[in-house]
Amino acid sequence: MRRIGLNMLLALSLIGAAEAHRLDEYLQATMIEVKPDGIDVEIHLTPGVAMLPVLMAVIDPDRDGRISPAEERAYVRRVAREVELRVDGVPAPLSFIESNFPALEAMREGLGTIAVKLRTARNGHELRFENRHLPQVSAYLVNCLAAPSDGLVVSRQKRDEAQRSIEFEYSFSAGAGPRPRPAWTALEPFWPAAIGMLLLARMSVLIYRAKRGERAAKISSQSLGT
Amino acid sequence: MAKTTFLWSSTSTFLAAILCCGLAPAQSSSSVASKIVASANSFLNSLDDGQRSKVLFEFNDAAQRTKWSNLPTTMVPRAGLKMGDLSGPQRKAAMDLLAATLSKRGYEKVLAIVEGDEALKIASGGRGAMFGRDLFYISILGKPSVKDPWMLQFGGHHLALNITMVGLDGILTPSLTAAQPAKYTLDGKTVRPLGAENDKAFALVNALDEGQRKQAILNYKVADLVLGPGQDGKTIQPEGIKCSAMNASQQAMLLELVGEWAGIVNEQAAAARMVEIKANLSGTWFAWSGPTTNGMPAYYRIQGPTLVIEYAPQPLGGDPTMHIHTIYRDPTNDYGKKLIGH
């Protein structure tokens with residue numbers, strides 16, 4: 001945290017040194033694509049010239065001035081951890097699809113964009129997305145793509161003032177709806193409880209059997225007069 | 001006191017003119033197309049073989065077609081011929097081609113943006129090497145023809161014109177206009193390249209009643225263009241107030257505002273485009289983010305079935321009202337895809 005703070009000071013001291021490009025913000029532009037078979041979340045992250053030192057403190061922990069493939073993967077994991085997608089009020093796990101890192105030189109000039117694409121197979125009727133990644137230094141855009149060919153209908157869009165979050169309702173017009181899900185997936189939120197109950201039942205059976213075995217052994221030993 | 005020019009600010013006259021042009025005989029469009037092709041050939045004939053090979057691309061060169069940006073050419077290199085590398089007569093031929101392709105008002109707007117970049121170069125002193133009128137590029141995709149499709153591109157920092165010619169049609173989408181500084185002095189006159197785009201939008205939002213403004217004004221900040229460079233083929237969910245909820249006078253104001261982009265291309269092409277936009281007006285939306293007092297920075301978006309316009313003040317440089325980015329798209333026909341099918 002201290003290192004990020006120092007880098008913030010360095011970054012702020014650079015503001016004013018350039019005039020034509022994004023400077024003191026980390027622009028995080030998210031496009032949400034709702035499809036009949038799932039939801040794609042594509043985040044474009046563009047550091048301003050003065051923000052690069054701050055970002056490098058996050059992405060390049062070994063401070064060697066370059067972003068290794070392992071550091072890329074770690075950063076993408078962090079971004080994925082710090083955004084949340086909820087479908088019908090239930091967290092929808094986002095899996096990694098692809099990412100692209102620009103040349104460091106491009107980012108130094110304020111025009112490099114890191115692209116991260118995530119996906120969930122979950123679908124429903126209410127979506128909420130929130131981005132909690134680097135809020136101190138970021139400006140946000142978040143939008144839902146229109147897909148009239150899929151029959152997507154979106155309503156009741158709501159965002160917070162900074163566009164860190166968006167929520168909306170959606171549906172697919174007749175003939176273009178989400179693929180029917182097996183009935184058992186509707187119980188998804190209750191799975192942990194159901195698994196817990198099954199385990200409990202299994203343990204009870206095992207305890208009962210053990211006790212019955214003990215009792216049988218006792219009776220047997222009594223009948224043998226031992 | 002400096003005289004302020006709004007670059008054809010009396011666009012109600014312009015709008016009436018282009019709507020009338022829609023009734024003009026087909027021969028008129030044909031002669032415009034012939035003039036554009038003749039200007040293109042004059043420009044190409046003014047070049048040597050090496051220059052011609054640099055300026056010409058295959059019409060289906062998708063990489064070149066989408067190689068445009070708001071950023072300086074030193075950062076996002078453009079292909080084609082650089083204005084600064086042309087001789088005086090070659091440069092004049094290039095600008096003549098642009099003038100033939102655009103309306104008078106559109107050509108003046110383009111010159112104002114280019115000269116604004118020259119002003120930025122001077123104001124930036126030693127850091128100005130990435131700006132200026134010499135760093136704009138021209139390229140031609142395909143062979144200029146009144147029958148076969150071809151494309152003219154002209155752009156650099158804060159400007160990207162992508163004009164697809166398909167027979168008598170001239171399609172200007174996608175194109176980007178921007179300005180920094182958004183106000184400067186040239187020959188004693190104050191120039192505002194995107195002044196009308198600003199003033200007409202403020203006039204429109206202030207012409208809405210309280211209930212309409214409540215619908216139009218978004219409750220969140222918009223930091224940048226949503227569908228800027230690199231966002232080809234995307235359409236977002238519309239927001240704001242639907243034009244069907246506006247009265248006739250407000251709708252006319254919106255059409256005048258749209259004319260600031262649609263009217264960049266020559267009058268015949270602009271007239272056809274305005275007819276299309278007007279036909280889709282009931283399904284068009286107007287959204288606003290920011291204060292409603294002219295002189296303050298505010299973002300707006302106009303979005304319809306065949307139209308996306310965004311106007312986004314930028315914080316870079318200190319005063320967002322002095323640094324504007326705009327984008328103009330037709331999600332159904334960017335690069336003429338509806339007519340060409342690519």
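B:Leu159 touches B:Val110, B:Ile113, B:Val114, B:Phe136, B:Leu176, B:Thr177 and B:Ala178, leaving aside residues up to four places away in sequence. Two residues touch, or are in contact, if their C-beta atoms, placed from the backbone, lie within 7 Å.

This is a predicted model: local features need pLDDT of at least 70, side-chain atom pairs count only at pLDDT 80 or more, and totals for chains, interfaces and linings use all residues. Residues are numbered from 1 along each chain as its sequence is written, while chains are lettered from A and ligands numbered from 1 in the order in which they are written.

B:Leu159 belongs to the largest nonpolar core, which has 137 residues. B:Leu159, B:Ala94, B:Leu254 and B:Val258 have the most contacts inside this core. Helix 9 (residues 248-262) of chain B gives the core its largest share, seven residues. A nonpolar core is a set of buried Ala, Val, Leu, Ile, Met, Phe, Trp, Tyr and Cys residues joined through C-beta atoms within 7 Å. A residue is buried if 20 or more other C-beta atoms lie within 10 Å of its own, exposed if 12 or fewer, and partly exposed in between; the C-beta atoms are placed from the backbone. Helices (H or I, at least four residues) and strands (E, at least two) are DSSP runs, numbered from the N terminus.

How confident is the predictor? Chain B has a mean pLDDT of 91, and 91% of its residues reach 70 or more. Over residues 1-27 of chain B, however, the pLDDT is below 50. Beyond near neighbours in sequence, that stretch has 48 contacts in the model. pLDDT is the predictor's confidence in each residue, from 0 to 100. The complex is given an ipTM of 0.83 and a pTM of 0.82.

Now to chain A. Its secondary structure comes to five helices and ten strands. Of its 226 residues, 29% are buried. Among its contacts with a separation of 6 or more, 67% are between residues 24 or more positions apart.

Five strands of chain A form an open sheet in the order 4-3-7-10-9, with antiparallel pairing. Strand 4 (90-91) and strand 9 (152-159) are the edges, since each pairs on one side only. Two strands pair if DSSP finds at least two bridges between them. Strand 7 (residues 126-131) has five bridges to strand 3 and five to strand 10 (residues 165-172). A:Phe129 stands opposite A:Leu85. Towards strand 10, A:Leu127 faces A:Phe168, and A:Glu130 has A:Ser165 as its bridge partner.

The side chains of strand 7 alternate. A:Leu127, A:Phe129 and A:Asn131 point to one face and are buried.

A:Tyr75, A:Val76 and A:Val79 are buried. The face turned away carries the exposed residues A:Ala70, A:Arg73, A:Arg77 and A:Arg81.

Where do the chains meet? The contact takes 22 residues from chain A and 21 from chain B. On the side of chain A, strand 1 (26-35), strand 8 (138-144) and strand 9 each give two or more residues. Strand 8 supplies the largest share, four residues.
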